[in-house]
Amino acid sequence: MESVQNKIVKAALLGAGTVGSGVYELVKERQEDFPHICGAQIEIAKILVRDASKERAGIPSDLLTDSWEEIIADDSISIIIEVMGGIEPAKSYLLEAMKAGKQVVTANKDLIAEHGHELLDTAEKYGCDFKFEAAVAGCVPIIQVLKQSMSSENITEIMGIVNGTTNYILTRMTQSGMSYDEALKEATDLGYAEADPTADVDGLDAGRKIAIMASIAFHSRVTFSDVYIEGIRNITAKDIFYAKEFNSVIKLVGIARKDENGIEVKVLPILIPQEHPLATVNDSFNAVFVHGTASDDTMYYGRGAGKRPTASAVTGDLCTVARHIIEKHSNLHVCSCYKELPIKNIQDTYSRFFLRMQVADRPGVLANITSVFGTSQVSIAQIIQKSRQNGNAELVIITDKVKELYFSDALNILKRLSIVNSISSLIRVY
């Protein structure tokens with residue numbers, strides 16, 4: 001029998017940025033262990049970059065190429081590892097790779113959230129592995145859990161903190177009293193936030209991840225465009241203060257729920273009670289909370305971003321695919337979206353709300369406001385008034401669970417009342 005030490009599986013890496021360099025480093029570090037874990041040595045044979053003449057620390061220059069054709073034509077390369085990001089040319093490369101019989105590992109959440117169905121169908125057609133654990137929550141193995149460990153479970157809800165940048169910002173605002181701008185600057189200085197933080201702070205990154213998880217958990221296609229999204233730019237120190245008053249914290253959370261009427265999927269800041277497990281997930285950590293009818297509640301926690309955590313997830317998939325090659329089988333987990341469940345409009349879903357507004361400080365104002373809510377079928381759970389000055393009062397209202405449409409109707413009426421000077425904050429409550 002051939003020794004596992006003599007078996008070699010060759011891979012090509014598309015991208016040598018933060019994650020790509022991390023993957024290369026981790027593969028080198030684990031060389032002695034791979035034969036025992038994966039059944040073979042794993043060799044990074046080529047690395048696709050834009051500029052092959054540019055030196056990259058720790059990476060031999062003879063591995064670098066700017067030619068995709070050189071990689072796709074090399075029959076000795078069995079696995080394509082895509083960490084370049086974006087839709088194109090990544091999508092075209094991966095489709096071409098699978099048609100050529102190569103296996104695929106990717107960390108590309110943008111691509112999976114928009115075109116996962118097409119890519120998985122292509123993998124099935126050509127008998128290829130298509131692995132994407134690193135696309136959702138860094139080193140947290142939630143994709144494998146949903147696809148394998150909980151494959152027989154009737155999952156009804158996923159709720160996750162799946163963006164480390166926004167979680168770091170909100171943690172610093174909560175624990176250190178920073179403003180949003182101060183916390184964002186610190187996150188940028190530490191490398192948690194990009195120079196352009198839009199995808200993170202506006203909830204787009206988390207939206208892609210919750211779309212991927214919802215598709216797998218509910219066996220029905222959910223794309224990024226189906227996700228209702230609100231970001232954290234408007235969260236203020238005063239909102240953080242009131243959250244503490246209600247024994248809660250504010251987190252940017254992706255939520256996917258399924259019932260007999262379809263799927264709701266959204267990303268937004270919410271007030272979470274201090275006793276909920278997600279409330280203690282701080283800094284750049286991620287966590288995903290899953291509810292199933294048989295398993296009840298489970299939670300998965302770990303580093304959600306960064307060079308080495310993400311590289312760990314990529315390399316884990318790489319090892320799995322290498323073993324499949326050695327054992328001569330693949331494509332164990334193709335697209336599981338065999339249902340066609342409707343996606344609910346946000347207005348048809350139900351939420352609790354935290355509403356902070358500035359109103360005229362005079363008799364009858366509270367009665368008028370509660371009357372508007374009552375007429376719109378919105379039940380109020382709590383009302384507090386914290387400050388009064390210059391004829392104005394700050395009013396904070398927590399509602400019971402209500403249809404979003406009814407709350408929107410009430411809010412539109414309130415905005416037109418002369419007694420309401422401004423709506424300062426509107427945040428959902430868990």
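Is arginine 428 buried or exposed? Arginine 428 is buried, because its relative accessible area is 6%; buried means under 20%, exposed over 50%, and partly exposed in between, using a 1.4 Å probe and protein chains only. Keep in mind that this is a predicted model, where local features need pLDDT of at least 70, side-chain atom pairs count only at pLDDT 80 or more, and totals for chains, interfaces and linings use all residues. Residues are numbered from 1 along each chain as its sequence is written, and side-chain values use heavy atoms, with hydrogens and water left out.

**Around arginine 428**

Arginine 428 sits in strand β17 (residues 420-429); strands (E, at least two residues) and helices (H or I, at least four) are DSSP runs numbered from the N terminus. Beyond its neighbours within four places in sequence, its contacts (heavy atoms within 4.5 Å) include Tyr228, Leu268, Phe353 and Glu404. UniProt, in an unreviewed entry, puts "domain: ACT" at residues 354-430; such annotations may be inferred rather than shown by experiment, and the positions are given in the numbering used here, with feature names shortened. That span is 31% helix and 48% strand, and its end C-alpha atoms lie 10 Å apart.

**Salt bridges**

The structure holds 23 salt bridges, each a side-chain nitrogen of Lys or Arg within 4 Å of a carboxyl oxygen of Asp or Glu. Here are some of them:

| Pair | Closest N to O distance |
|---|---|
| Glutamate 230 and arginine 428 | 2.8 Å |
| Glutamate 404 and arginine 428 | 2.8 Å |

Glutamate 230 lies in the loop between β8 (228-229) and α12 (237-245), so its pairing with arginine 428 in strand β17 ties together parts 198 residues apart in sequence. Glutamate 230 counts as partly exposed, at 22% relative accessibility. Glutamate 404, in helix α15 (residues 404-416), is 24 residues from arginine 428 in sequence, and both of these residues are buried.

Arginine 388, in strand β14 (residues 380-389), and aspartate 361, in the loop between β13 (350-360) and α14 (365-375), are 27 residues apart. Arginine 388 is exposed at 58%, while aspartate 361 is partly exposed at 28%. Elsewhere, Glu157, Arg257, Glu264 and Lys266 are linked in a salt-bridge network.

**A buried aspartate without a partner**

Aspartate 317 is in helix α13 (residues 307-327). Aspartate 317 is buried yet has no salt bridge, and the nearest side chain of opposite charge, lysine 131, is 6.2 Å away. For charge, Lys and Arg count as positive and Asp and Glu as negative, with His and the chain ends not counted.
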